[in-house]
Amino acid sequence: MKILMVNKFLYPRGGSESYMLYLAEYLKKLGHEVEFFGMYDEGNTVGNSACQYTQNMDFHGKGIKRFLYPFKIIYSFEAKKKIMKVIDDFKPDIVHMNNINFQLTPSIIYGIKKRGIPLVQTVHDYQMICPNHLLYNFDKNVPCEKCTGGRHINCIKNKCIHGSFVKSLIGVIEAKLYAFLKTYKKVDLFVCPSNFLENKLLSAKSYYKGKTVTIHNFINKEKFSDKDLKEEDYILFVGRLSKEKGIENIAGAARLLPEYKFVIAGSGPDEEMLSGVSNIHLAGFLTGDALTELMGKAKVLLLPSVCYENCPLSILEAHSMGVPVVTMNSGGMAELVKDGVTGTLVTEPTPEGIAVKIKETLENEEYYKTLKENCKKEKEDILSVGTYTDILLKEYEKLIAR
């Protein structure tokens, strides 16, 4: 099978890139041909034989070209034209989109369907129903669903995109345009990493009905399952250090629990909220074996995101190593953690609410031991890349046959 993977960045950068690159590598091992379309960058690690990529857009640059970006990030004629050239050269059986907004734009959907190719999209966030992609109000630090019914004026009022009126206006214009054109109706299948996200899509637009499937994310099970690490006495947070991830609540909970040590692995704009708290150790941004070892030795993984997380890999990775999770009773987080079985769900998103659940998890020795044992059993149900790919290939084959 010939598969064209599409993503705006074609090098390891974030979650969608890691997903796409790892999945593509496994597909190649199975004998499938895979090429890639996205934005040109000197750091690109994958590409296509037609050597067609969109112009690199640096939103932080100062060149005169940046004044054309507001037009290009709404509808890219360049991306549409170039992806058609890649399709004509590679002749894929299926196209699999990931993150495309701003640098590629949904204009490419028209190019793909003009060539009559089946089209799959893995939905990595809430961008199709929320202009800032997060269902989150940064100003009030609360989840927000005001735009899901098409009331996008709220995004402009609250400056939901980077606190900028102009960026929020552009985001709303993009959302309004593609909603009016019903562009996403042309996509044949949406792969959702959580039931929560799938249900949000289905409740937003009727044309998503019959075109969605939930497949939880996969992890490298061998990397995490083979670890036999000695437990140490600390609570671990892994992720971006920003308000939507619950950083303020972590700081507050740590102050309420001076007898516990908190280790924070990550970096981000709100790191200062955690500095100065005596029982918080900032480990910095970690990857690879260093992060795996830190997670495997933790007493518990804490994930107190204020926003609706989709399908956090950190939860799957922690469970695969027998580490219980304390997280919020919302979004995709609540799908992955069985309350009282593989972790504890927090219903009150406050420092006090989190502190209570941490104590509840750790201070009852028998309860904690049960959680760990259940996590070890849970790893059998976590998808490997092999199982995930088997499921995905069956979906590909259905679309190609149709």
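Contact here means heavy atoms within 4.5 Å. This is a predicted model: local features need pLDDT of at least 70, side-chain atom pairs count only at pLDDT 80 or more, and totals for chains, interfaces and linings use all residues. Residues are numbered from 1 along each chain as its sequence is written, and side-chain values use heavy atoms, with hydrogens and water left out.

**Stop 1: the whole chain**

Select the protein chain. Colour by secondary structure: there are 15 helices and 14 strands, taken as DSSP runs (helices H or I, at least four residues; strands E, at least two) and numbered from the N terminus. The radius of gyration is 22 Å, close to the 21 Å from the globule rule for 402 residues, so the chain is as compact as a globular protein of that length. That radius is taken over C-alpha atoms, and the rule is 2.2 Å times the number of residues to the power 0.38. Along the principal axes, the C-alpha atoms fill a box of roughly 60 × 50 × 40 Å.

Now colour by burial. Buried residues make up 55% of the 402; buried means under 20% relative accessible area, exposed over 50%, partly exposed in between (1.4 Å probe, protein chains only). Among contacts between residues at least 6 apart in sequence, 67% join residues at least 24 apart.

**Stop 2: the largest nonpolar core**

A nonpolar core is a set of buried Ala, Val, Leu, Ile, Met, Phe, Trp, Tyr and Cys residues joined through side-chain atoms within 4.5 Å. Select Ile235, Leu236, Phe262, Leu274, Leu302 and Ile358: of the 50 residues in the largest core, these touch the most other members. Helix α9 (residues 247-256) gives this core its largest share, five residues.

Centre on Leu236. Leaving out residues up to four places away in sequence, Leu236 touches Val263, Ala265, Leu294, Met295, Ala298, Val300, Leu301 and Leu302. Another core, of 37 residues, lies apart from this one; Val86, Met97, Tyr126 and Cys192 are among its members.

**Stop 3: helix α4**

Select residues 107-114. Six of the eight residues of α4 are buried: Ser107, Ile108, Ile109, Tyr110, Gly111 and Ile112. Show their cover, which includes β1 (2-6), β2 (33-37), α3 (77-90), β3 (94-97), β4 (119-122) and α6 (165-181). Just after α4, check Gly116: its phi is positive, about 70 degrees.

**Stop 4: Glu78**

Move to Glu78, in helix α3. Glu78 is partly exposed, with a relative accessible area of 24%. Beyond its neighbours within four places in sequence, Glu78 contacts Tyr53, Thr54, Gln55 and Lys72. Glu78 and Gln55 are 23 residues apart along the chain, with 8.3 Å between their C-alpha atoms.
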